[in-house]
Structures are given as C-alpha cells and as structure tokens.
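Subject: Structure handover, pockets

Hello,

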Amino acid sequence: MSVGIPISALWPDPSPQPLDDTALAAHYGRADRPHLRVNFVTSVDGAVSVDGYSAGLSGEPDKRVFGLLRMLCDALVVAAGTLRHEGYRAVRLDERRRAWRRAHGLPEYPTLVVVSDSLDLDPAQAAFADAPVRPVVLTRVGAAAPTGLTDVADVVRCGDDRVDLAEGLAELRRRGLDQLLCEGGPRLFGALTAADLVDEVCLTVAPLLAGAGPGRITAGDASAVRHLPLRHVLAAADGVLMLRYARD
Ligand SMILES: NC(=O)c1ccc[n+]([C@@H]2O[C@H](COP(=O)([O-])OP(=O)(O)OC[C@H]3O[C@@H](n4cnc5c(N)ncnc54)[C@H](OP(=O)(O)O)[C@@H]3O)[C@@H](O)[C@H]2O)c1
C-alpha cells in the first residue's frame, strides 16, 4: 500500500523505521476486555476546531490513524452535535480494511452509534440512510423520534432526563459491541469522563497555534481529575504527534 507522510515510533521504543499499516494498527490494537477508546485531534494550544471544524486540525497522518481506529472497533460512537455539524456520512472502509476485519472474525463494518438527548436527527442523513450496518441511537426515555428514524436505526432508550451513558454502553455490550471508539465531540467526551467510562484517549497534536476562541476537546460538567498513563508517542514527518493514553 502507499504510505504518504511517514509515521514512526518515538516512545517507549524509538525507531526511525516508518510504520506500515500493520505495525501502526498493532500500536493501537483491540483490548482483551470491553473498552472505550476516545479519539481527538487538537492544536498545540488545545483547540477542538479551526473555523468551527476539526478538518482544519487534521492532515494525512491523522486521517490514516482515524481510519485505522475505525477498522479496529466494533462500534463507532458519536455525539449528535458532531454528527450534525460535521455532516457525518455512512461509515465506509476500503477493501483492505474490510479484509482485515473479516480475517479477524469481525463484521465488515463497525456499527455507528449516535448519542442524542433530543433526537433532533435527520433519518435522510447519509450516516443513517446509506449505513452498511443498521445504526443504534442512544437516547433518553420520552424523547420524540422524528418520522422515519426507526426505519433506519435502532432507537435505544436509557435514562429518564438525560441519556444514562453507563446503561447505554452496557446495552451496546449486550449486543456484542465491546470495543468502542468515540470520535467526540467535546460534550460527549466530557460526559463520558464525568461518568468514568473512558479507558483510553488517542490524541493527535497538530503543530498549530489556533489561538483563543475555539473550545477545548472536552466540555460540560466538571469531573474528578484522574491519572491516565501514556502508552506511546508516534511522530509523523510533518511534525504531527500521535499520543495514546490508557488506564490499566
Ligand atoms: N477535534 C476533534 O477531534 C473533534 C472531534 C469531534 C468534534 N469536534 C468538534 O466539536 C464541535 C461539536 O461540539 P458540540 O458542542 O456539538 O458537542 P458534541 O459532544 O459533539 O455534541 C453535543 C450534542 O450531542 C448530544 N450529546 C452529547 N453528549 C450527550 C450526552 N451525554 N447525552 C445525550 N446527548 C449527548 C446532544 O445532542 P442533542 O442535541 O441531539 O440532544 C448534544 O447537544 C464541532 O465544532 C466539531 O467540529 C472536534
């Protein structure tokens, strides 16, 4: 396969050898127990977006890891805000990544899971309408589903006033979705942190100063500070860092 901007390992085992996709995937892997991985890209000064979108922070190395993390997961969890704002399309993987999944006994595509309190969702959005696997929507009891949503997604209700994320994740695991990848956004990340549900954070740091204005990668209610050990540091040749933190 063609590898664009080379990515190599800096820590804990430095090697100048560019990582191919197999080696890169091995740096992230799948956990041997139910696991929630969160993936974000940020600037040096901690911005969640540039001009309102994550695209201004991302580049080819980040997109490569982003795609590999999708290949590795059972389900991709995204907040309704990010789904709407970033215009999520159906989750697609190229043939090589689908072949990797088949070889590892996984369905060809991960399941898309959308978290929404309001159910202000458009069933015609490609993320639902073109989905290769029927998506799951986690919402609260009493939220009114828009016409057509239940035609294109399983609507799972957990929590009375707000989505109960622990209950929602337990339901996903009952469906065999153990390895979860959360692609944000910040309010969902903040809520998952507050509920102590985050096992791992993969963070791409772009060599950019975004300045004041954009929010952080997390938002919402404060939560207890906890230690998250560093597991690896990778560097792309254009100065982008890929950090992986995970609890034991
Ligand atoms: N840098 C990155 O890697 C990255 C990644 C993702 C997103 N972003 C950026 O983040 C911004 C979007 O942020 P945002 O403020 O809209 O936050 P968000 O977390 O993406 O979305 C918030 C919305 O998602 C739903 N939601 C989130 N947490 C929930 C919870 N615990 N329970 C129930 N529903 C929940 C709610 O949807 P309802 O309104 O439907 O109830 C809520 O209004 C965009 O600028 C996007 O580009 C950046």
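The largest pocket holds about 1,300 Å³ of space. A pocket here is an open set of points on a 1 Å grid over the protein atoms alone, where a 1.4 Å probe fits and protein lies on both sides within 12 Å along at least five of seven lines; lining residues have an atom within 4 Å of a point. Points are joined across faces, edges and corners, and a volume is the space filled by probe spheres set on them.

This is a predicted model, in which local features need pLDDT of at least 70 and side-chain atom pairs count only at pLDDT 80 or more, while totals for chains, interfaces and linings use all residues. Residues are numbered from 1 along each chain as its sequence is written, and side-chain values use heavy atoms, without hydrogens and water.

The largest pocket is lined by 45 residues, and A79, T82, G184, G185 and P186 are the closest to its centre. Strand 2 (35–43), helix 2 (60–72), helix 3 (80–85) and helix 8 (186–194) each contribute at least two lining residues; helix 8 gives the most, six. Helices (H or I, at least four residues) and strands (E, at least two) are DSSP runs numbered from the N terminus.

The second largest pocket has about 630 Å³ of space. Its lining has 23 residues, with F189, T193, V201, R216 and T218 nearest the centre. Helix 8 and strand 8 (200–206) are the elements that give two or more residues to this lining, and the largest share, three residues, is from helix 8.

Regards
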